Amino acid sequence: MRCDRCQRAQATVHISTILHYAPSRDEHHFCADCAEVVQTSSPSLNPGGEPLVTLGSKVVTSFSPEVKARIKAANDKLSDLDPILQGFCKRRAYILQVIDGLEPQRTAWARDELYRCLWLSTDSRPPEILNRGFYPEMPWSLCAYGSSLFTPSRPRRVLTLDLFRRIPFSGLARLLDQRLEEGFAFLRELTLEGVLAKGQVVQ
Ligand SMILES: [Zn+2]
């Protein structure tokens with residue numbers, strides 16, 4: 001599959017945005033370079049202008065079939081958890097973003113005066129995923145963060161809560177729903193004033 005943006009390189013990052021109130025999903029496919037550009041420039045992929053999640057990786061630009069199969073295995077395993085994430089998003093009117101590729105991850109987010117986001121990502125680095133693909137002890141972390149929206153006149157600030165760190169994949173299904181709710185409870189209480197007063201400045 002070719003990259004949506006440059007139409008040349010192989011697409012290695014696949015992003016689907018799933019709205020709880022719409023039946024269809026919005027899909028984009030990018031090469032690692034374009035994923036990086038799009039991430040910092042596209043309002044639909046990057047609501048609020050946040051440099052949020054690390055999309056793609058410049059480790060390699062094309063993969064052998066064996067390596068592709070390993071990456072796919074890691075992505076497929078993560079997608080087993082999507083019903084939990086979708087259930088949460090539906091209940092809480094959050095938007096689910098599915099990011100497949102060398103750095104598989106999920107975000108569930110909502111935006112009002114703040115950008116409120118739950119972010120599930122693996123602590124396995126891309127070289128490890130290339131070498132091992134999926135493995136049962138593959139570690140995952142979930143954090144919640146609320147950030148002020150981007151404006152030119154003031155720095156963006158963010159308040160973060162770790163919901164779990166480095167949990168092996170085999171333990172995730174048991175924990176995820178409850179921790180998403182804990183993250184939601186944290187995010188729901190955040191106010192713009194609170195984030196501006198106590199949040200860390202991010203670039
Ligand atoms: Zn491209």
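Does Ala93 count as buried or exposed, and how many C-beta neighbours does Ala93 have inside 10 Å? In this predicted model, Ala93 counts as exposed because 10 C-beta neighbours lie inside 10 Å, and the cut-off for an exposed residue is 12 or fewer. Ala93 sits in the loop between H3 and E3. Its phi is positive, about 55 degrees, although Ala93 is not a glycine.

The protein chain contains six helices and eight strands. Read from the N terminus, its elements follow the order β-β-α-α-α-β-β-β-α-β-β-α-α-β. Of the 203 residues in the protein chain, 38% are buried. Among contacts with a separation of 6 or more, 59% join residues 24 or more positions apart.

The eight strands make up an open sheet, and their order across it is E2-E1-E3-E4-E5-E6-E7-E8, with antiparallel pairing. Strand E2 (25–30) and strand E8 (200–202) are at the edges; each has a single partner strand, so one side of each lacks a neighbour in the sheet. On average, neighbouring strands of this sheet are turned by 25 degrees against each other, direction ignored.

Strand E4, residues 105–111, pairs with strand E5, residues 114–122, in the antiparallel sense over seven bridges. Ala110 has Arg116 in E5 as its bridge partner. Helix H5 (residues 169–189) packs on the sheet, where it touches E5, strand E6 (139–148) and strand E7 (156–168). The direction of H5 makes about 160 degrees with that of E7.

Arg179 is a residue of helix H5. Is Arg179 buried or exposed? Arg179 is buried, because 21 other C-beta atoms lie within 10 Å and the cut-off for a buried residue is 20 or more. Not counting residues up to four places away in sequence, Arg179 touches Leu142, Leu163 and Phe164. Leu142 and Arg179 are 37 residues apart along the chain, while their C-alpha atoms are separated by 8.1 Å.

Helix H3 (residues 82–92) has Leu85, Phe88 and Cys89 as its buried residues. These residues lie on the same side of H3, because they cover an arc of only 95 degrees around the axis. After H3 comes Ala93, with its positive phi near 55 degrees, which returns to the residue of the opening question.

Arg166 has a positive phi, near 50 degrees. Whereas Ala93 is in the loop between H3 and E3, Arg166 is found in strand E7. Which class does Arg166 belong to, buried or exposed? Arg166 is exposed, because 12 other C-beta atoms lie within 10 Å.

Conventions
Residues are numbered from 1 along each chain as its sequence is written. This is a predicted model: local features need pLDDT of at least 70, side-chain atom pairs count only at pLDDT 80 or more; totals for chains, interfaces and linings use all residues. Two strands pair if DSSP finds at least two bridges between them. Helices (H or I, at least four residues) and strands (E, at least two) are DSSP runs, numbered from the N terminus. Axes are lines fitted to C-alpha atoms, for helices over the stretch in contact, and angles run from 0 to 180 degrees between N-to-C directions. Two residues are in contact if their C-beta atoms, placed from the backbone, lie within 7 Å. The arc is that of the directions from the helix axis to the C-beta atoms.
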